[in-house]
Amino acid sequence: MKKSVLIVIGLVYIASILIIGFFGMRQVVYSNIIYVREIECINEEARDMGDYKLIIVDYIEGNTGVQLSYRVTPDDATNKDVRFIYDENQTVATVTDLGTVVFNSPGLIVVRIASTDGTIASETVWIVAINR
């Protein structure tokens, strides 16, 4: 074979390796999203009942409320926002978007503090207002 043919074959071989290496590489995008693993109600008066937390308050007409406090883990979760889910058809109490439970009458309300990042992390809290 002629020397020029070997050089051309070598150049084509090297060029094909470079082209395949450049265009054949896929861009890999790594997600830096850190998802919520756990939500915990941290109210001082909350008692751990296993599957849920229990808070008992004295009902005083027109002035009974509880501010739900919670901790989201891990601490560096990307989206720490939560929503407060409860049966809006019941009349015992209402829950604000910030987690304030306002009682209209003595009774029980069950509130679930749930993550909004697409995970299933949540904590269920039973809050009972009683007349004493």
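Q: Is Leu 18 buried or exposed?
A: This is a predicted model. Leu 18 lies in helix α1, residues 3–24. The cut-off for exposed is over 50% relative accessible area. Leu 18 has 58%, so Leu 18 is exposed.

Q: Which residues make a nonpolar surface patch with Leu 18?
A: The patch covers about 450 Å². Besides Leu 18, its members are Tyr 13, Ile 14 and Ile 17.

Q: Is Lys 53 buried or exposed?
A: Lys 53 sits in strand β3, residues 53–58. Buried means under 20% relative accessible area. Lys 53 has 9%, so Lys 53 is buried.

Q: Which residue has its backbone oxygen 2.9 Å from a polar atom of the Lys 53 side chain?
A: Beyond four places in sequence, the contacts of Lys 53 include Glu 40, Asp 48, Glu 123 and Trp 126. Another residue in contact supplies the backbone oxygen at 2.9 Å. That residue is Cys 41.

Q: Which side chains of strand β8 point to one face and are buried?
A: Side chains alternate along β8, residues 100–103.

Q: What is the bridge partner of Thr 94 in β8?
A: Strand β7, residues 93–95, runs antiparallel to β8, and three bridges join them. In β8, the partner of Thr 94 is Val 102.

Q: Which residue stands opposite Thr 100 of β8?
A: Strand β4, residues 65–67, is also joined to β8 by three bridges. The two run antiparallel. Opposite Thr 100 stands Gln 67.

Q: Which residue takes a positive phi in the hairpin of β7 and β8?
A: Four residues lie between these strands. The phi is near 90 degrees, and the residue is Gly 99.

Technical notes:
Residues are numbered from 1 along each chain as its sequence is written. This is a predicted model: local features need pLDDT of at least 70, side-chain atom pairs count only at pLDDT 80 or more; totals for chains, interfaces and linings use all residues. Side-chain values use heavy atoms; hydrogens and water are left out. Buried means under 20% relative accessible area, exposed over 50%, partly exposed in between (1.4 Å probe, protein chains only). A polar contact is a pair of N or O atoms within 3.5 Å; within protein, one must be able to donate a hydrogen and the other to accept it, and residues adjacent in sequence count only if both atoms are side-chain atoms. Contact means heavy atoms within 4.5 Å. Patches are made of residues with over 30% relative accessible area and no salt bridge: like charges are joined within 9 Å, nonpolar side chains (Val, Leu, Ile, Met, Phe, Trp, Tyr) within 5 Å. Accessible areas come from the Shrake-Rupley method with a 1.4 Å probe; for residues, only the protein chains shown count as cover. A salt bridge is a side-chain nitrogen of Lys or Arg within 4 Å of a carboxyl oxygen of Asp or Glu. Two strands pair if DSSP finds at least two bridges between them.
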